[in-house]
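Please read these points with the sequence and the structure side by side.

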Amino acid sequence: MAANMYRVGEAMDNFRDDYVYFENSSSNPYLIRRIEELNKTANGNVEAKVVCLFRRRDISGNLNTLADSNARDFEEESKQPAISEQQKHQLKHRELFLSRQFESLPATHIRGKCNVTLLNETDVLTSYLEREDCFFYSLVFDPVQKTLLADQGEIRVGSKYQAEIPDKLAEGESDSRIQEKLETKVWDPDNQLKDSQIDQFLVVARAVGTFARALDCSSSIRQPSLHMSAAAASRDITLFHAMDTLQKNGYDLAKAMSTLVPQGGPVLCRDEMEEWSASEAMLFEEALEKYGKDFNDIRQDFLPWKSLASVVQFYYMWKTTDRYIQQKRLKAAEADSKLKQVYIPTYTKPNPNQIMTPGNKPGMNGAAGFQKGLCCESCHTAQSPQWYAWGPPNMQCRLCASCWIYWKKYGGLKTPTQLEGATRTGSDAAPRGHMTRQEVQGMSPFTSNAGRAKLLAKNRQTFILQTTKLTRIARRVCQDILQSRRAARRPYASINANAIKAECMIRLPKSSKSAMKNRTIPRPSLANIVKELAIQAPLKLKAPRGAPTPINRNQASQPRSAPALLGKRPFDSGSSVGGHPFSTNGRPFMSRTASQSVIKRQRVSQGDVPNPVVFVATKETRALRKHLTQAEMRRAARKPNIPVRVKIPLPPRPLPVPILPSSTSEPIVLED
């Protein structure tokens, strides 16, 4: 009875400790929420206003990396004992992230209580694994900004937060420390003044403060009556100033009097309660209602022009006013009108993910639509009184009863599985026959993360990049820098667009103001294009006589039948003479017998689409492109099916080398 009773209201301990499980889906893990209010709707149902807490599976991968870094720092600072990899895996399921997001959920979706505590460096992480329904948090998640921040409500317990006590001085040893640097003396109780004289000086200080407020224009507006000015002058700031004046003047009343009223006029001392306007006080009350005593958020979102010390001082002064007492009474009356507790019976309806009825024998594997011989995906057991379907339907994974409860409460499996990034063992390779190619590639231990991401990113919707006017102008003005033809041949090389646009802004005022002329290219009519395509199209061969038969794509890859009695060659011969002709799309016309049935064309799945092919030009290809004219390049781009004929110029002939006479030992004879 007590376990199913959920209380909120007067008892603040129960109000803050009511962390509960909410079920919003039969197959997903429970939601963990903190109950703030219980409200009764107009139709009689009970709704719970709750604070959202998030698991690791609910945040992005970048934030998970940040949480891992914070966990490593915590382990180093707190000197946690060594734990196994499985314990690290299970500790991630016990970690939650607090948020300030509120939502309303039906109270009938509550599935039990849990315990969530703030992680302290004195805690041992393995203690959370030993206790059921126990979680911890140390970071705050912002669902809007997608950020993780440290919780400001940290309990500072530990060796680094303790005061360092110096050693005790020995008998007769003098203290060599300079006392003025250690502390400042603000009041001496052993002074020569009597208590009555001090009280009289404080009355004079209040009177001077009232007179100073009467002379100040801003104070006279805030305290229009003498009674309000006297009340403001009697606050602690005036008394502290008077006692500090006595201390500085050596408790000489004459000197202290002259200090209170200098030549320029009486000294005016105001605290935060007087400095704040009525509108600022209203903003503070609104922020306090939203954030509580989180003064950092109050200052950041509502009062950024105030310092943090000013906000804290105003809070403690505001608690002494009648305004605080009135709000406290209103909240108490509002809390009395709300529900204090609600009883939620134990949820006993069967889960839709059950794949075996309780009437079957315990330990039996399999159910309707599931393969026999499958074990639990988490603990790999083959016997369980109840099995639950888990994961994608086409994978036919299942969990035993204990692992299913663990999955619902903690949002993960007891051991890392293939679906969570671990590799599958050899015994689990049999059920892969019913998987698609995309799943098998994504689950292969030899497939890298980049390959999985590229596979999942296939077949996405295309996008178009639309250029701006400045970009189009820069292409014309900065043709010598951009070199558009070279950039088109090398699309993988990056272009410094910022530098080109900056140069364009410099050249643009100096460029000619006349409009640029576009060359008009005469284009043939549609009828001429159709005639030309008809001429270039390959000749269609006539099909054999008889009724046309549809193409059976599923049987295209099957082995061909034996040659007929008349000696006609089969399709394997690759010839159309005397055999079945081929259509223009490359697929053969297949004759259908009476026993064959016409199978409808099947749509190709996304996983069976071939990978994209990228052609990278070589040095020889780039060299051949230089010998093509601009007209030939355009013609080749418009008609890629026509081979390009490149006329390579002959290399230059080498110049004849003059033959020099060889040097011999014979004498040279000159004849006249």
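1. The protein exposes about 48400 Å² of surface, and carbon and sulfur atoms supply 55% of that area. Of the 672 residues in the protein, buried ones make up 27%.

2. Please keep in mind that this is a predicted model, with a pLDDT that averages 74 over the protein, while 68% of the residues score at least 70. For residues 361–370 the pLDDT is below 50, although this stretch still has 26 contacts in the model beyond near neighbours in sequence. The pLDDT is likewise below 50 over residues 421–460, a stretch that has 45 contacts in the model when near neighbours in sequence are set aside.

3. The protein is made up in part of 25 helices and 11 strands.

4. Which way do strands S4 and S5 run when they are joined? Strand S4, covering residues 46–54, and strand S5, covering residues 95–106, run antiparallel and are joined by seven bridges. Within this part of the model, Lys49 has Ser104 of S5 as its bridge partner.

5. Strand S5 also pairs with strand S7, which spans residues 134–142, and here the pairing is in the parallel sense, over four bridges. Phe97 stands opposite Leu139 in S7. S5 therefore has an antiparallel pairing with S4 and a parallel pairing with S7.

Key
Residues are numbered from 1 along each chain as its sequence is written. This is a predicted model: local features need pLDDT of at least 70, side-chain atom pairs count only at pLDDT 80 or more; totals for chains, interfaces and linings use all residues. Side-chain values use heavy atoms; hydrogens and water are left out. Two strands pair if DSSP finds at least two bridges between them. Helices (H or I, at least four residues) and strands (E, at least two) are DSSP runs, numbered from the N terminus. pLDDT is the predictor's confidence in each residue, from 0 to 100. Contact means heavy atoms within 4.5 Å. Buried means under 20% relative accessible area, exposed over 50%, partly exposed in between (1.4 Å probe, protein chains only). Accessible areas come from the Shrake-Rupley method with a 1.4 Å probe; for residues, only the protein chains shown count as cover.
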